[in-house]
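Colleague: I am new to this one. Could you take me through it, a topic at a time?

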Amino acid sequence: MSKRKVAYFYDNDVGAYSYGLGHPMKPLRMRVTHELVMAYGMLDKMHVIRPKRCSPEAMARFHTDEYVQFLQTVTPETVDKLTHHGTRFLVGEDNPAFDSVFEFCSISAGGSIAAAERIASSSVDISINWAGGLHHAKKREASGFCYINDINLGILELLRTYPRVLYIDIDCHHGDGVEEAFYTTDRVMTASFHKFGEYFPGTGTQEDRGRGKGKGYSLNVPLKDGITDEAFQSIFEPVISKIMDVFQPSAVVLQCGADSLAGDKLGCFNLTMHGHAKCVQFIRQQNVPCILLGGGGYTVKNVARTWAYETACALGIEKDIDPNLPWMDYFEWFGPRYRLEVPENNMEDMNVKDGSLDRIRSTALQQLQELATGCAPSIQLQDVPRETLSKHLGFENQQSKDDLDRTLAQHSRYVYNLQDSDTTTDESDNESWDSDESTSSNHWRRGPYRSSSIPDSSITRKPFELRATQIAKKRMSLLTGQYFDILSNEGGFALLSGASFCIPSRRRFFRSGEEGWDDEFNIVDEAVERVRDAFRHQPGPEEIARLLDETRRIGLDADYGDDDDEVMSVEL
Ligand code: V1D
Ligand code: CA
């Protein structure tokens with residue numbers, strides 16, 4: 001098999017974090033994996049990169065500002081107060097506020113973003129981040145041991161370059177956080193293979209297929225206990241082949257959660273190391289740029305064995321790997337056989353026993369056939385700009401972006417002070433757009449086993465005007481991604497910023513219909529151009545007011561606003 005250029009992202013510190021005694025998630029498994037990878041001499045065969053840690057601003061490309069800020073602040077001592085006694089952000093025992101949780105997240109997410117950047121720049125064929133794959137994290141809430149959804153951040157990075165991204169999830173649990181994020185788009189197809197039925201998170205039926213433009217682009221393969229290598233491949237390979245055919249992804253992200261291995265402490269499948277790795281080999285054979293991520297996996301020595309072996313598969317050297325483990329730190333953990341293997345056990349395969357595997361397979365293939373014959377993704381025919389959105393908008397120079405931000409902020413405050421009598425706010429409306437209350441009504445999502453991942457369509461966006469009230473908080477610049485203060489008496493600024501600052505933040509920069517560039521985007525483009533021109537000559541307050549008014553009139557709603565955005569899917 002031909003060679004592939006591989007980038008391997010690893011931060012030495014990652015193994016030192018702890019979710020706490022008695023918690024099944026052990027970040028140490030990444031260190032043990034790395035020790036094996038090193039002992040097998042694989043580090044010399046790939047680019048080994050310590051990724052930049054993910055900044056809060058980069059996290060907020062998917063998550064809300066408020067949630068990211070919470071993660072930055074929370075400690076075991078303050079958790080009770082900051083979560084309002086465990087009712088917001090972190091719920092239950094699954095996601096403790098352990099020491100330095102934010103740093104841990106920044107390593108995991110930094111790795112997946114860097115992995116995506118390397119793929120998008122075509123400098124490698126395969127990127128690996130075993131610290132990533134945290135597929136349950138939601139926009140404004142931690143879930144199932146996951147706090148920051150590194151996968152969504154990585155996919156968003158890929159979408160800057162590629163028209164279509166395929167996400168595959170072989171963790172024993174449903175990849176709900178990724179499915180939900182891209183549920184309404186046809187640019188990301190998600191396919192999750194998982195145990196379904198009285199099992200966390202309770203989502204991922206075959207009826208959950210996406211919504212709107214994304215209808216048909218979410219695929220679920222719900223399975224029962226005890227699936228073996230042979231049975232798993234008998235559904236994985238035809239389903240993935242069909243997706244490759246129908247969707248023709250430009251890049252693939254494979255979440256390699258290792259709790260689908262036999263003998264996992266939380267999983268209930270019966271895959272061997274070789275069976276699990278066959279998914280990696282199969283994806284590699286497709287000759288599409290690919291990112292391999294970690295995920296679940298609770299029998300640490302088996303996780304390490306499997307991810308080390310899968311690193312060898314990425315390199316195409318698995319045939320040369322000695323099944324007897326080399327000497328390494330943690331060697332004694334691998335007794336009594338000290339072998340690179342995860343054998344199957346004698347549990348019964350319920351999928352084969354009751355014939356459900358055949359039914360699930362034919363339903364999945366049928367659904368993909370409908371996608372093929374119904375409507376092939378129109379975006380296929382279109383080009384995607386190679387440069388980043390900010391570059392496309394001309395905001396590529398950090399210094400000038402900072403200046404622009406500062407100037408906009410100063411002038412906006414000044415303008416607001418001039419016209420405060422015009423800025424009417426509804427003080428009686430105490431349902432702040434800054435509040436998470438509206439999504440706390442999403443507490444149904446926290447129920448152990450909800451039946452559908454379709455967002456609540458009864459939740460509607462609040463009128464733009466309501467945002468004029470409040471807010472004493474930090475806002476993130478849409479131009480630079482940096483934070484600046486908004487004082488509570490600058491409510492009008494919040495309103496104005498809703499029109500002006502949000503222009504470049506719109507993610508909907510590429511239209512998936514046949515029309516190509518989004519008309520709205522062209523308007524945005526022109527408006528941005530005018531704002532940029534104006535700021536080249538230090539505009540006065542009147543000019544700023546006119547520009548802000550103009551941008552507001554053309555209907556550039558504040559799409560960015562973190563906490564008022566009720567839709568859980570990202571807008572593309
Ligand atoms: F057993 C535990 C001990 C301590 C703390 C948590 C657990 C535990 C086991 N299983 N928690 C779970 C699952 N949570 C529940 C909750 C109880 N309910 C009300 C909900 O059943 C969560 C399992 C998370 C699996 C995560 C994952 O493997 O999919 C993963 N993928 O990437 C990273 C993690
Ligand atoms: Ca899965």
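Colleague: Where is Pro336?

Modeller: Pro336 sits in the loop between α10 (300–315) and α11 (350–353). Please keep in mind throughout that this is a predicted model.

Colleague: And the peptide bond from Gly335 to Pro336, cis or trans?

Modeller: That bond is cis, with omega near 5 degrees. Most peptide bonds are trans.

Colleague: What about the bond from Phe200 to Pro201, cis or trans?

Modeller: The bond from Phe200 to Pro201 is cis, its omega being near 0 degrees. Pro201 belongs to the loop between β5 and β6 (218–223).

Colleague: Let us step back. How many helices and strands does the protein have?

Modeller: The secondary structure comes to 18 helices and 10 strands. The protein has 572 residues, and 61% of them are buried. Among contacts between residues at least 6 apart in sequence, 79% join residues at least 24 apart.

Colleague: Are His173 and Ser192 buried or exposed?

Modeller: Both His173 and Ser192 are buried.

Colleague: Changing topic: at what angle do helix α8 and helix α12 pack?

Modeller: Helix α8 (residues 229–247) and helix α12 (residues 356–374) pack at about 0 degrees, and their axes are 10 Å apart. That angle makes α8 roughly parallel to α12.

Colleague: Which residues of α8 and α12 meet?

Modeller: From α8 the list includes Ala231, Ile235, Val239, Lys242 and Val246. From α12, Leu357, Ile360, Arg361, Leu368 and Gln369 are among them. The residues of this contact divide into 13 nonpolar, 2 polar and 2 charged.

Colleague: Staying there, how far are the C-alpha atoms of Gln369 and Lys242 from each other?

Modeller: They are separated by 8.1 Å, although the two residues are 127 apart along the chain. Gln369 is part of helix α12, and with a relative accessible area of 33% it is partly exposed.

Colleague: What is the phi of Phe89?

Modeller: The phi of Phe89 is near 70 degrees, a positive value in a residue other than glycine. Most residues other than glycine have a negative phi. Phe89 lies in the loop between α4 (79–82) and α5, and at 4% relative accessibility it counts as buried.

Colleague: And what is the phi of Gln248?

Modeller: Gln248 is not a glycine, yet its phi is positive, at about 45 degrees. Gln248 is in the loop between α8 and β7 (251–255). Its relative accessible area is 41%, so Gln248 is partly exposed.

Colleague: On to contacts. Which residues does Ser106 touch, leaving aside neighbours within four places in sequence?

Modeller: Ser106 is in contact with Lys52, Arg53, Cys54 and Met59. Ser106 is in helix α5 (residues 101–120). It is buried, because its relative accessible area of 4% falls under the 20% cut-off.

Colleague: What does Gln281 touch, not counting residues up to four places away?

Modeller: Gln281 touches Tyr309, Cys313 and Glu318. This glutamine is in helix α9 (residues 273–285), and at 17% relative accessibility it counts as buried.

Colleague: One last item: where is Thr78?

Modeller: Thr78 is in the loop between α3 (65–73) and α4. It counts as partly exposed at 30% relative accessibility. Thr78 and Ala97 are 19 residues apart in sequence, with 8.9 Å between their C-alpha atoms.

Terms used
Residues are numbered from 1 along each chain as its sequence is written. Chains are lettered from A and ligands numbered from 1 in the order in which they are written. This is a predicted model: local features need pLDDT of at least 70, side-chain atom pairs count only at pLDDT 80 or more; totals for chains, interfaces and linings use all residues. Side-chain values use heavy atoms; hydrogens and water are left out. Axes are lines fitted to C-alpha atoms, for helices over the stretch in contact, and angles run from 0 to 180 degrees between N-to-C directions. Helices (H or I, at least four residues) and strands (E, at least two) are DSSP runs, numbered from the N terminus. Angles under 35 degrees count as roughly parallel, over 145 as roughly antiparallel, 65 to 115 as roughly perpendicular and the rest as oblique. Contact means heavy atoms within 4.5 Å. Ala, Val, Leu, Ile, Met, Phe, Trp, Tyr, Cys and Pro count as nonpolar, Asp, Glu, Lys and Arg as charged, and the others, Gly among them, as polar. Buried means under 20% relative accessible area, exposed over 50%, partly exposed in between (1.4 Å probe, protein chains only).
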